[in-house]
Amino acid sequence: MRISTTSCLCPFLVCLCFIQRCHGAGHHVPTKVPSKNQTKLANGETEVHHRPKRGWIWNQFFVLEEHIGPDAQYVGKLHSNSDKGDGSVRYILSGEGAGTIFIIDEVTGDIHATKSLDRERKTHYVLHAQALDRNTEEALEPKSEFIIKVQDINDNAPTFPDGPFVATVPEMSEVGTSVLQVTATDADDPTYGNSARIVYSILQGQPYFSVDPKTGIIRTALANMDREAREHYTVVIQAKDMAGQVGGLSGSTTINITLTDVNDNPPMFPQKNYQLYVPESAQVGKAVGKIKANDDDLGVNADIKYSIINSEGANMFSISTDRDTREGIISLKKPLNYERKKTYTLHIEGMNTHVDPRFSYLGSFKDTATLKITVGDVDEAPVFSMDYYILDVYENSPSGTEVGTVTARDPDSRNSPVRYYMDSKEDGVRYFRIDESSGVIHTTQPLDREDMPWHNITVMASEIDNPSLLSHVPVTVQVLDMNDNPPEIATDEEVIVCESSKPGQLIQTVTAVDKDDFANGQRFSFALPSQLPVNPNFTLKDNEDSTASIIAQRRRRFNHLTQELYELPIVVWDSGEPSLSGTSTLTLRVCPCQRNGRIRICQGEAFLSSAGLSTGALIAILLCIVILLAIVVLFITLRRSKKEPLIISEEDIRENVVTYDDEGGGEEDTEAFDIIALRNPAAAEELKFRRDIRPEARNRCGLPHGRRSPCVELDEVDVHEFIKQRLMEADMDTSVPPYDSLQTYAFEGQGSSTGSISPLDSLAAQSEQEYNYLEDWGPEFQKLAELYEEAESDVTT
């Protein structure tokens, strides 16, 4: 068998092949798929076309079987065509694991692995090889890179990285209901053999659950599993590699499965008849009793809604559900009266709020019970005729004025007399008192509406026979308004009078206020005091809309230097019964005002305003200036920090990577190679014949007489028999380790009309073969013919 490599511009030939005997893996020969640099000939051979002026070729990828053992493992061999066998070439190795895991014989180029390799830790190693002149230490060829891939064996058991698991499934589920899918992982190579092919099985949990051997999906295997009977299950799942075959590794995990609840149990009252005693003094809206139905389900499936289904009970009582205890809370809707009705009968129904239609065949999921309530007779507190009272009285009424009356009675059959009094802790006792027998409320002093328009008091009533029983009622007293407050001018501020004011010019409009309410205080009249002489400077005009206008009437110009302040008394009347009046005096200040300004401001008080800018405007202008300066600084900083683009030198020469998309037939495609000769690596150094020409005779096997490998007639022997013969020789050879048999495929084969063009191990400096006939083969070989013509011309030159 011949291994051909693509022309990768790399200087080494690594000839490797492992016939494996590890864990029953069988025989496996890694092959190389032809690329566009190879030519498939008519007889099945593949010829490799190498670029000229390159002396070495190497196998870019090769596989190293996962090695377990103390002995060094032979990996392969590096050889340069510059090596004449005289020891003048020194091989060196660098890269991942060089010198620690992989060592090389500097003379022969043999590579060995000194340590055990674990594919799960590292799948491949990238190494670099180079050949140096032992005397001058000069590189004979450029450094080349190759990759050692570690081949997998089944040394890792499946594991469940997420286990143990917790899962749930509804109770009463059908057979085959999916519960959970578990997934095991195997660190071995899934693309090689069955090392990572996992099969699942169940070790514990039958007959309740089952597992799919391929997918790991756990399903229910038993119907009608009841949570109320058993809630928790433990299932153990095993994952075994090697497709479950004998000798495979296994791992297990535990799944704790819990049955979740469904509503498959109706509520049930523990008994059908109940009795309850409720005193007639029970307060409306308060709870008077509880009742509960039991439900074996959980959560929302056990939620119960209670209701009173008969009208007798529903009119007097209500029932609600306590969410925490799921009890029915019975409350009173109306006051009870022992003298009117002594017993009540309630029919109570409890029903699930969430019903699953799948279990409707089990029943209606509700239950009923009867509750008999007995009303108890108690001595009750007096009851007021109204829930609250609203009374009124005029302000300034004399002390002792009657405000109103509250009434209470004893609801019991005895009808005991009632006594009234007020709560001494409230402020209302200062203004009011109550007659303890009649319930009449009187004032204790005159009231002022403007001081407190409303008064809130509490009146209490008790039976004379039993003073401990008290009842309360709120009483609100409204104080009605009387016109007892004169009106006055609304403002106390000075009125500004400009020096330039002319007679008849409006100075200011004034309004009035009154402490009395709307009915007596919202219509005002204005005038100057009649008892004073006529004011020569100002006059007042009543606008008849509760406002008045102050008008200038001074003929001469006002001057603040002559007189700055003036006083103007104004009389205001309200429209109440009786009508009240009040006099207010305004102060007018003379100022030299601005010509066009609407707001009259004295110059001494408006220094800043004379500039035409307010404080807010100045702040806004300064803020704008700061923002503009910040933008300018940021722009300059960005301009200085900007970098020039990188200039790629024209001398920056990079390799062009050409991708060929042709695919071969894979490892099973053996027709592309002519398997002709196999030779033992022990005889590698003895074979020095050229591999790029066809041997002249069949007896040139390259093996001397006396060796244990006989010369085989290549054309007459079957290739399978030849491989078996070489395998038997390797197995019987006791001088090599029993793990692997290294066979090197070096002979280029025969049968091609053009011969071989490989330069490997060539003894001559240049090939003596002529390639002019390539021009006659067609345009497909035109480029190849031109390359060889250029090579011959270089040699001639």
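Which residues are exposed on the other side of α4? They are H720, K724, M728 and M732. Exposed means over 50% relative accessible area, buried means under 20%, and partly exposed lies in between (1.4 Å probe, protein chains only). This is a predicted model, in which local features need pLDDT of at least 70, side-chain atom pairs count only at pLDDT 80 or more, and totals for chains, interfaces and linings use all residues. Residues are numbered from 1 along each chain as its sequence is written, and side-chain values use heavy atoms, with hydrogens and water left out.

**Confidence**

- The predictor's confidence in each residue is the pLDDT, from 0 to 100.
- The protein has a mean pLDDT of 76, and 72% of its residues reach 70 or more.
- Residues 1-61 have a pLDDT below 50, yet this stretch has 197 contacts in the model beyond near neighbours in sequence. A contact means heavy atoms within 4.5 Å.
- Residues 671-716 also stay under 50, and the model has 98 contacts for them beyond four places in sequence.
- Where pLDDT is low, the predicted coordinates should not be read in detail.

**The whole protein**

- The protein has five helices and 41 strands. Helices (H or I, at least four residues) and strands (E, at least two) are DSSP runs, numbered from the N terminus.
- Of its 797 residues, 39% count as buried.
- Take the contacts with a separation of 6 or more: residues 24 or more positions apart account for 69% of them.
- The protein exposes about 46,800 Å², and carbon and sulfur atoms supply 51% of that area. Accessible areas come from the Shrake-Rupley method with a 1.4 Å probe; for residues, only the protein chains shown count as cover.

**Helix α4**

- Helix α4 covers residues 719-732, which is 14 residues. These should span 20 Å at 1.5 Å a residue, and the end C-alpha atoms are 20 Å apart, which agrees. The expected span is 1.5 Å times one less than the number of residues.
- F722, R726, L727, E729 and A730 are buried in α4. They cover an arc of only 160° around the axis, so they sit on the same side of α4. The arc is that of the directions from the helix axis to the C-beta atoms.

**Strand β40 and its partners**

- Strand β40 spans residues 565-574, and seven of its ten residues are buried.
- Strand β37 (residues 524-527) pairs with β40 in the antiparallel sense over four bridges. Two strands pair if DSSP finds at least two bridges between them.
- F524 stands opposite D574 in β40.
- Strand β41 (residues 581-591) pairs with β40 in the antiparallel sense over nine bridges. Here V571 stands opposite T583 in β41.
- A hairpin of six residues joins β40 to β41.

**Backbone details in loops**

- Most residues other than glycine have a negative phi, and most peptide bonds are trans.
- G163 and P164 are joined by a cis peptide bond, with omega about -5°. P164 is in the loop between β10 (144-151) and β11 (165-170).
- The bond from Q206 to P207 is cis too, with omega near 0°. P207 lies in the loop between β13 (199-204) and β14 (209-211).
- M242 has a positive phi, near 60°. M242 is in the loop between β16 (232-240) and β17 (250-260).
- A243 has a positive phi of about 60°, and its place is also in the loop between β16 and β17.
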